Amino acid sequence: MPLLALREQLKAILSRFRPTDEVSARGDQMSTSPPDVLAGASGEAPSNGPALDMLFRVSPIPILLADARGNVLRVNRSACEFFQMSFAELRCRNLRQLLGAADFEIIRRHMQDRRPDIHGYVTAIPADQGQRRIAELNISFLRDHRGHSQGIILTINDITEKTEIQHEILEQQATLARINQELREKTRQLQQAKEHIEKNAQKLAHLLEISNEIIRCNSFREMLTLLSRRGKELLEAAAGRVFILEPGGQQMWAIHDGADRDVRRDSPLLENEGVLWKTYRRNRVYRIAGTKFSGEEALVLGLTDPEQWHFITVPISDKDYGYGVLVFWRERERAFSREEEHLIVTLANQAALTLDRIYLVQALQDKARNLEKLNEDLKRSQQQIIQLQKMESLGTLVGGIAHDFNNILGIMAPNLDLLSLRGKKDPQLARRVQVIRDALERARDLTRQLLMFSRNQPVRLVPLSLNDLLRQITGMLGRTLGKHIEIRTELAPELPPIQGDQTRLTQVFMNLAVNARDAMPEGGCLTFRTGLVSYRPSTVMDTETPLPDEFVRVSVSDTGTGIPEDILDKIFDPFFTTKSVDKGTGLGLSVVYGIVKSHGGYIEVESEPGRGTTFHLYFPPGSGEPVSPDVSVSPAQEDEALLTADGARILVVDDEAMIRESLQESLSVLGYEVLLAEGGEQAVEQVRQHPDIAVAIVDLAMPKMDGIQTLKAIRDINPEIRVLISSGYADEEKLRQEHPDIHAFLPKPYHIQELARMLKELIRLGEISHQK
């Protein structure tokens, strides 16, 4: 039976139902005798009462009958099952308890306002264990003939499962809609990826085409044209530049293709901290906005407003060697992608490999052209190496001989000074002593030249007068070159000094003089000229140092055979010589060239076969009081104060007995108290026994404990003692750098006046230090 028809019949039944106090009090009769309740107060049942009662009881729809206050009067079995209560429990409940206060208030106000019945009211009804069931309520109000509410008929349709199913359906629909949206998005992305792949495939094909063109390049110019033009096409860039590093690595040149389809070279970009140099130094790619570029870079790129562009800079490098930088730019809105970066990096790497091949081919061609010459040079070099090895061995031998010879001279010099002191009143003896002194000075000069030959000495620049130096050298050359060579000097007056090393410059003039002598086997004239001239060198190596307008020039001229023009550009090459093997090493002029350059100078040569050769040496002028050339001073010129002493105690440490004895006698004559030690161990004992020693004169080369070990042992015992190291072989500057605790150095051989002067100074410094 339809629900509405059932409701109408129930309303008809209840319209005759008048509950009495007995029925209200005995609610159990409602479940045990439903026909009586339905019969009403009269007890007269309607003709269809049992059928309706059966329908009420067996209906699958929960039905509740309640009075106007919501008190439950009667329920069917379906209602008991829905609320999971017994008949008795439900009859004790109110609709407010069963439905909830909020829903009951809605029903009550609806009923009081005499509004129509309620159909399809969906709500959540409390159930056991805090759960709630979704139900659809249909409510009819029983009214009397005056419209007053008499009761409520409530049917419940449990739609919990239906609602859950609907909710699941809605969720599934939402999921399907989301999946459908995702599928559309994926389809769109796949389409974009397909278009992107097709575009990259086209660019990759373009890259392969350009790479093949690069591989076929055989010239530097062709390579730069391809990099500039085709790189711009590959990236669809507005413009581009190729920056190539110049030899030396101090600047890069911007190169691009011009309107004439040829490569054009722009202004250089000096090394700086900008993006382009950073790309080269760090060997990495940058994709950046134009705001990162410096003003200098923008100027070289020819851009007045770099902010509107997006740039990509790529190093052109092969492994650790860089050739330059590629840079391209286009509108800022079209930034370069990672894929485009890979493309241009591949192109740059291919270009670097091709450039390496081009340079290699050019080098191989140069090598092939010079192969025959190199073969001849190799044979000549083998002979030169043999000769050089001989010279090195000879140098070692000469160094040892010079050292021993200095020791001998070291014995002679102080004894000669003693004779000079004692022979002042005998003019004949004084003349003989001076002859011996001159011979001793010649011998000392000879040992110095031998030591110069045997080792490289550091450059020690001091203010030096070239006129004074040449006067000294020419006096020595008269005895060295022979009488068949006439020596002339034309020295300019008031010539400014230069910053020079006397020893090295002496070697320069000696080498030039010896070469001039060899070029005049039958005799001739050797001329030294000096002057201050205006000069501008044709090749300037150091661009940071300003050049003076005038240079001090020394010209060395001979009247010999001259130098052939075809070898004039080779004379300064090491080992190049036109002399026979037993007469020259080929190092003389290369040494001259190196020494002149070490002085910041320049050298030029003029020669005419059969007429002679002139070497022009140019030195920048110096300042300061020039140091006099190393010329011995006679005892008569010494300050008498240097020849006397106040009895200071001096310790002499030398393994040569004759040197010890000579120094003892010389120093004793000067008024010093002298202690002797033949080695380091004896020196240590003397220092322990005599704490008042003022100065120790220590030989550098001694057996067992050498001079440096002895110095350290003395300083450990008594740091107040001043130590003077003496040697005929050691390099003073190097020795002082390695051992800064050396107070003084005196090269052998030395005169007693030199030693006395140095002792006076050391004693004075010791007294000052002691006072502090």
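## Helix packing, an open sheet and a buried leucine

Helix α11 (residues 220–235) packs against helix α14 (residues 338–369) at an angle of about 175°, and their axes lie 11 Å apart. Angles over 145 degrees count as roughly antiparallel, so α11 is roughly antiparallel to α14. The model is predicted.

From α11, the contact uses F220, M223, L227, G231, L234 and L235. By class, the contact of α11 with α14 has 12 nonpolar, two polar and one charged residues.

Next, the sheet. Five strands make an open sheet, ordered β2-β1-β5-β4-β3, with antiparallel pairing. Its edge strands, β2 and β3, each pair on one side only. Neighbouring strands are turned by 30° against each other on average, direction ignored. Strands β1 and β5 pair in the antiparallel sense over five bridges. L64 has L154 in β5 as its bridge partner.

| β2 | residues 72–75 |

Last, a single residue. L651 sits in strand β19 (residues 649–653). Its relative accessible area is 0%, so L651 is buried. Leaving aside residues up to four places away in sequence, L651 touches L675, L676, A677, A683, Q686, V687, I693, V695, A696 and I697.

Terms used:
Residues numbered from 1 in each chain as written. Predicted model: local features only at pLDDT ≥ 70, side-chain atom pairs only at ≥ 80, totals over all residues. Heavy atoms only, no water. Axes fitted to C-alpha atoms, helices over the stretch in contact; angles between N-to-C directions. Helix = DSSP H or I, 4+ residues; strand = E, 2+ residues; numbered from the N terminus. Parallel < 35°, antiparallel > 145°, perpendicular 65-115°, else oblique. Contact = heavy atoms within 4.5 Å. Nonpolar A, V, L, I, M, F, W, Y, C, P; charged D, E, K, R; others polar. Buried < 20%, exposed > 50% of the residue type's maximum accessible area, 1.4 Å probe, protein only. Pairing = 2+ DSSP bridges.
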